[in-house]
Amino acid sequence: MLLSLLISSSLLYSSSAQQYAYGVDINQQGSSSNFNCLRQNSYSTVFVRAYKPDGSGTVDSSAVANINMAFQAGLGIEVYRTMNPTSSKQAATQIDEAITALTNGGISVRSLWIQVTSPVNWNKNQATNVNFINSALQRIRNRGISPGVYTNNYDWQQITNQASNLGSDVMLWVLEVYSSGVGGETAPNFTDFRPFGNWKTAAVKQFGQYESVCGFTANRDVYPLSTSTLREKMMNDAKGDKHKLIYVGYIGL
Ligand SMILES: *[C@@H]1O[C@H](CO)[C@@H](O)[C@H](O)[C@H]1NC(C)=O
């Protein structure tokens with residue numbers, strides 16, 4: 001009786017006091033001291049860009065070095081990519097180029113987030129955009145990787161007209177800021193999240209943009225602490241792997 005009371009009250013406590021871990025996402029080449037600084041300032045995860053829209057879409061050549069430095073600093077690592085949706089280069093090709101570069105760099109990719117923001121960079125035809133996004137997501141799945149999308153309600157509306165046919169496996173990293181800089185941050189939790197498109201919940205929230213953090217111009221992110229212990233899992237996977245790969249992509253899985 002006493003035991004069950006204790007258990008139910010602790011369950012109650014843990015559900016009402018959700019704790020969070022913090023990350024930053026970057027699109028610049030960092031140094032070891034930049035990544036060590038993040039770790040020392042209690043950031044748990046860094047989101048590294050692996051692909052950029054330049055030209056017809058190209059691998060971000062800083063990704064492998066950034067991932068290695070983040071790993072050495074003891075950070076959890078997620079990988080995102082900015083596609084080029086108006087390129088003649090197909091979505092699947094753009095996905096493959098990044099995965100090849102990461103694999104050649106000794107990195108094993110478990111999940112991949114694709115950026116669907118900045119409507120001005122997308123096609124006017126929303127059905128074309130939905131096809132492009134679904135082709136990218138399907139290629140990610142075909143490579144044995146879990147897909148995620150980084151967007152928000154407004155951009156998803158503009159770019160896809162609220163497409164909801166992606167598949168229930170697609171995770172959401174939602175961006176919610178009032179404006180750039182520390183003063184434009186939203187709450188670092190999920191209280192203000194409203195379902196849209198494909199999603200009832202978000203795995204990650206970007207709550208601050210264009211802030212100066214440890215020598216980076218970075219965006220700030222938050223996610224439930226329950227998934228942050230996966231950083232330790234990442235370290236263990238790497239230790240146990242005889243090929244000494246760095247495993248990336250744990251949040252939301
Ligand atoms: C979310 O963050 C805001 C602002 O920091 C705070 O007022 C609110 O209590 C938080 N909500 C939860 C559920 O933690």
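Predicted model: local features only at pLDDT ≥ 70, side-chain atom pairs only at ≥ 80, totals over all residues.

Visitor: In which sense do β9 and β10 pair?

Guide: Strand β9 covers residues 204-213, and strand β10 covers residues 216-224. The two strands are joined over six bridges, and the sense in which they pair is antiparallel.

Visitor: Which residue in the hairpin of β9 and β10 takes a positive phi?

Guide: The hairpin of β9 and β10 has two residues between the strands. The positive phi, near 55°, is taken there by Cys-214.

Visitor: Which residue of β9 stands opposite Val-174?

Guide: Strand β8, residues 171-175, pairs with strand β9 in the parallel sense, over three bridges. Within β9, the residue that stands opposite Val-174 is Lys-205.

Visitor: Is strand β1 largely enclosed by the rest of the structure or largely open?

Guide: Strand β1 runs over residues 20-26, and five of its seven residues are buried. Its partners include β10, joined to β1 by six bridges and running antiparallel, and β2, residues 45-52, joined to β1 by four bridges and running parallel. Tyr-22 has Val-222 of β10 as its bridge partner, while Ile-26 has Val-48 of β2. Because five of its seven residues are buried, β1 is largely enclosed by the rest of the structure.

Visitor: Is Pro-188 buried, partly exposed or exposed?

Guide: Pro-188 is found in the loop between β8 and β9, and, leaving aside its neighbours within four places in sequence, it is in contact with Tyr-20, Phe-207 and Val-222. A residue counts as buried with 20 or more other C-beta atoms within 10 Å, and as exposed with 12 or fewer. Pro-188 has 14 such atoms, so this residue is partly exposed.

Visitor: How are helices α4 and α5 oriented to each other?

Guide: The axes of α4, residues 91-104, and α5, residues 126-142, come within 8 Å and cross at roughly 40°. The contact is made by residues that include Ala-91 and Ile-95 of α4 and Phe-132 and Arg-139 of α5, and by class it has six nonpolar, one polar and two charged residues. The crossing is right-handed, and, because of the angle, the orientation of α4 and α5 to each other is oblique.

Key. Residues numbered from 1 in each chain as written. Axes fitted to C-alpha atoms, helices over the stretch in contact; angles between N-to-C directions. Parallel < 35°, antiparallel > 145°, perpendicular 65-115°, else oblique. Left-handed = near helix turned anticlockwise from the far one by under 90°. Contact = placed C-beta atoms within 7 Å. Nonpolar A, V, L, I, M, F, W, Y, C, P; charged D, E, K, R; others polar. Pairing = 2+ DSSP bridges.
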